[in-house]
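Me: I should like to learn how to read a protein model step by step. Could we work through one together?

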Amino acid sequence: MNSLTIALFLVVGVSIGLQPSDAVGYTNSCSCGHSYDGNNCAHYLTNWMIKNGWLSTSPGKSTANCRTGRPIRAKDVRKIFRDKYGAPTRYEPAGNSFIYVERKRDGKGHVYYGTKRTCVAGTGNGAFAGRDAVWEFYQ
Ligand SMILES: [Zn+2]
């Protein structure tokens, strides 16, 4: 990695994680116009990320995308978070972060942006997972 690449990474990385208030607003929708029967957490979150230029369409870590290239699986978005931000923290950081939460009893995953209690961008917080859940925070 040369110094220009590092400088670009720092500029883009900081703008991704720390300044979402300056971003294109989140909507419960995707440019493709399709809804996956209520399972749109990854779909609508990645639509928001792509519209803001924080993620490319049909990113390499995703195994399933909608017709406009938005990843539709939470577990794939978890891989994207790891790729962009490195290892997650298990303890909630100060401020907002990208969150992957998994319900232990059936392994159902969910992604959004915000805090444990508050969904700032996404289809809802992680309350569905109950007390015995796996939480990962990326920032
Ligand atoms: Zn879509």
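Predicted model: local features only at pLDDT ≥ 70, side-chain atom pairs only at ≥ 80, totals over all residues.

Me: How many helices and strands does the protein have, and in which order do they run?

Reply: Helices (H or I, at least four residues) and strands (E, at least two) are DSSP runs, numbered from the N terminus. Here there are three helices and four strands. Starting at the N terminus, the order is α-α-α-β-β-β-β.

Me: What share of the residues counts as buried?

Reply: A residue is buried if 20 or more other C-beta atoms lie within 10 Å of its own, exposed if 12 or fewer, and partly exposed in between, with C-beta atoms placed from the backbone. By this rule, 34% of the 139 residues of the protein are buried.

Me: How much of helix 2 is buried?

Reply: Ten of its eleven residues are buried, so helix 2 is largely enclosed by the rest of the structure. Among them are His 43, Asn 47, Trp 48 and Met 49. Two residues are in contact if their C-beta atoms, placed from the backbone, lie within 7 Å. The buried residues of helix 2 pack against helix 3, strand 2 and strand 3. Just after helix 2 comes Gly 53, with a positive phi of about 80 degrees.

Me: Which residues of helix 3 are buried, and against what do they pack?

Reply: The buried residues of helix 3 are Ala 74, Asp 76, Val 77, Arg 78, Ile 80 and Phe 81. They pack against helix 2, strand 1, strand 2 and strand 4. Helix 3 has twelve residues and should span 16 Å, which agrees with the 16 Å between its end C-alpha atoms. Helix 3 is followed by Gly 86, whose phi is positive, near 85 degrees.

Me: Are helix 2 and helix 3 parallel or oblique to each other?

Reply: Axes are lines fitted to C-alpha atoms, for helices over the stretch in contact, and angles run from 0 to 180 degrees between N-to-C directions. Angles under 35 degrees count as roughly parallel, over 145 as roughly antiparallel, 65 to 115 as roughly perpendicular and the rest as oblique. The axes of helix 2 and helix 3 come within 8 Å and cross at roughly 40 degrees. The two helices are therefore oblique. At their contact, Cys 41, Ala 42, Leu 45 and Thr 46 of helix 2 meet Ala 74, Asp 76 and Val 77 of helix 3.

Me: Which residues have the most contacts inside the largest nonpolar core?

Reply: In soluble globular proteins, nonpolar side chains tend to be buried together. A nonpolar core is a set of buried Ala, Val, Leu, Ile, Met, Phe, Trp, Tyr and Cys residues joined through C-beta atoms within 7 Å. The largest one here has 27 residues, and those with the most contacts inside it are Cys 41, Ala 42, Leu 45, Val 77, Ile 99, Val 111 and Tyr 112. Helix 2 gives the most to this core, with seven residues. Leaving out residues up to four places away in sequence, Ile 99 touches residues including Val 111, Gly 126, Trp 135 and Phe 137.

Me: Is Asp 37 buried or exposed?

Reply: Asp 37 has 5 C-beta neighbours inside 10 Å and therefore counts as exposed. Asp 37 lies in the loop between helix 1 (3-18) and helix 2. Its phi is near 45 degrees, a positive value in a residue other than glycine.

Me: Where is Ala 129 found, and what is in contact with it?

Reply: Ala 129 is in the loop between strand 3 and strand 4. With 19 C-beta neighbours inside 10 Å, Ala 129 is partly exposed. Apart from neighbours within four places in sequence, Ala 129 is in contact with Val 101, Glu 102, Arg 103 and His 110.

Technical notes: Residues numbered from 1 in each chain as written. Expected span 1.5 Å × (residues − 1).
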